[in-house]
Amino acid sequence: MKLVTVAGPPSCGKTSVILRVAEGLSTAGVKVGVVKFDCLSSDDQQRYEKSGIPVKTGLSGGLCPDHFFIANIEGAVQWGVGQGFDLLISESAGLCNRCSPHVSEALAVCVIDNLSGVHTPRKIGPMLKTADLVVITKGDIVSQAEREVFAFRVRQVNPRAAVLPVNGLTGQGTMLLQRHRMIDERLENAIRNHGVTQVIEVAAGLSPRGLRFTGSDAPLVKRYVEADLPGMVAHKQSIMTDIGVDPAAHRIVTCNALASEGPRSIPHIALHELDPNERTAIITEGLINYFPLADVSPMWRNFSSALANTAGGVYLSDAHLDAASHPQSGMVNVFKRGLDLATRSSTHFHHSTSDEAVAALQHSGFATARLHDPADFLDRLDLPGTRDASLLRVIEAWT
């Protein structure tokens, strides 16, 4: 079991942030529990229970909540282990600015809100200074200048931490839900209306998509292949064995998405794992923006070649347009830098317009391509909207 400590001033949005993360992880098959350390009272237990998240609450009374946290975290961890959690998240009220509500060898998260003022980061102390990730909330209520200054002050206090702005009004934080549900909808359309019967999903991680499309009494596809890195493959195979997944219909294999040939290449996997007479979908979600365009273009050629080893089909993915002309370009770039730090890698925006991306996909071997805007899906998929035009697009490219 892994432990994550989350701390922040009162009413900064810690519980809301944890709830959204826990709900997303639970959907992906991760068993999450929460232990809440507060002062005199807390109504947050009901919020967790309503979302189906197991929770325990501890009230510090006359003690500093951070001291109370340190005195009781061992018991909380024992409870989490006993419950069989994959991840335990501790939430601390963080009222004592002299103490650190974090422990070594565990991911430390500090949640802080823009409304507290631009001088607040210098006053918080170890709760912020020792954090690995700083989540900044309520950016929709202050100006762009205040958001930039606040994020800069956070980085002054803790230059090594990843900084992640969360903005309920502009929609930062909704992007993951938008792209996942849009790809699902496009895949269902390809199955029902275009004869797709088999899928290769590359670098799916712990996404539950494969289970949803193969696990019911009336599966939507005949065969689903998840292709991933060796460590993730071993982890997923163990999970699949534990829950009794049919390996004939839902395969987990090792891949190298950049390889054009060899047993781990996507064309080779398509040739040896799929029916050559059936139409196929290849999916990547949250992958291509971690690669420069010099790698993405040959990767797309590999995918079109793989589809040529079957009866043809569709490539579905997410893409993000260049942020230069976006109204929230400053915050987008802050988010990008935070993501780079959190993943210890680089993220890339490859194209400025949808037309550029379509031309690149066609040059990579796809006959037709289209980039879908989330705005076109808000009503029929009940997606959360955004105030400004979204940079997210979902690729649908057919051979």
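Predicted model: local features only at pLDDT ≥ 70, side-chain atom pairs only at ≥ 80, totals over all residues.
Reader: What is the strand order in the open sheet of 7 strands?

Author: Strands (E, at least two residues) and helices (H or I, at least four) are DSSP runs, numbered from the N terminus. The edge strands, each pairing on one side only, are β10 (250-254) and β13 (368-372). With mixed pairing, the order of this open sheet is β10-β9-β8-β11-β12-β14-β13.

Reader: At what angle does helix α9 run to β10?

Author: Angles here lie between 0 and 180 degrees and compare N-to-C directions, with axes fitted as lines to C-alpha atoms, for helices over the stretch in contact. Contact means heavy atoms within 4.5 Å. Helix α9 (residues 230-243) lies across β9 and β10, and its angle to β10 is about 155°.

Reader: How many residues of strand β4 are buried?

Author: A residue is buried under 20% relative accessible area, exposed over 50% and partly exposed in between, using a 1.4 Å probe and protein chains only. On one side of β4, Leu87, Ile89 and Glu91 are all buried, as are Leu88, Ser90 and Ser92 on the other. β4 also pairs in the parallel sense with strand β1 (residues 2-7) and with strand β2 (residues 32-38). For strand β4 (residues 87-92), the count of buried residues is 6 of 6.

Reader: Which residue in β4 is the bridge partner of lysine 36?

Author: β2 and β4 are joined by 6 bridges. On another pairing of β4, lysine 2 stands opposite leucine 87. For lysine 36, the partner in β4 is glutamate 91.

Reader: Why is the pair of phenylalanine 303 and tyrosine 315 called tilted rather than stacked or edge-to-face?

Author: Rings of Phe, Tyr and Trp (its six-membered ring) pair if their centres lie within 6.5 Å; planes under 30 degrees apart count as stacked, over 60 as edge-to-face and the rest as tilted. Tryptophan 79 and phenylalanine 85, for example, are edge-to-face, at 5.2 Å centre to centre and 75° between the planes. Phenylalanine 303 and tyrosine 315 have centres 5.1 Å apart, and the pair is tilted because their planes are at 40°.

Reader: Which element gives the most residues to the largest nonpolar core?

Author: A nonpolar core is a set of buried Ala, Val, Leu, Ile, Met, Phe, Trp, Tyr and Cys residues joined through side-chain atoms within 4.5 Å. The largest has 33 residues, of which Ile200, Ile266, Trp300 and Tyr315 touch the most other members. Elements that give two or more residues include β8, β9 and β12. With 6 residues, the element that gives the most is α11.

Technical notes
Residues numbered from 1 in each chain as written. Heavy atoms only, no water. Pairing = 2+ DSSP bridges.
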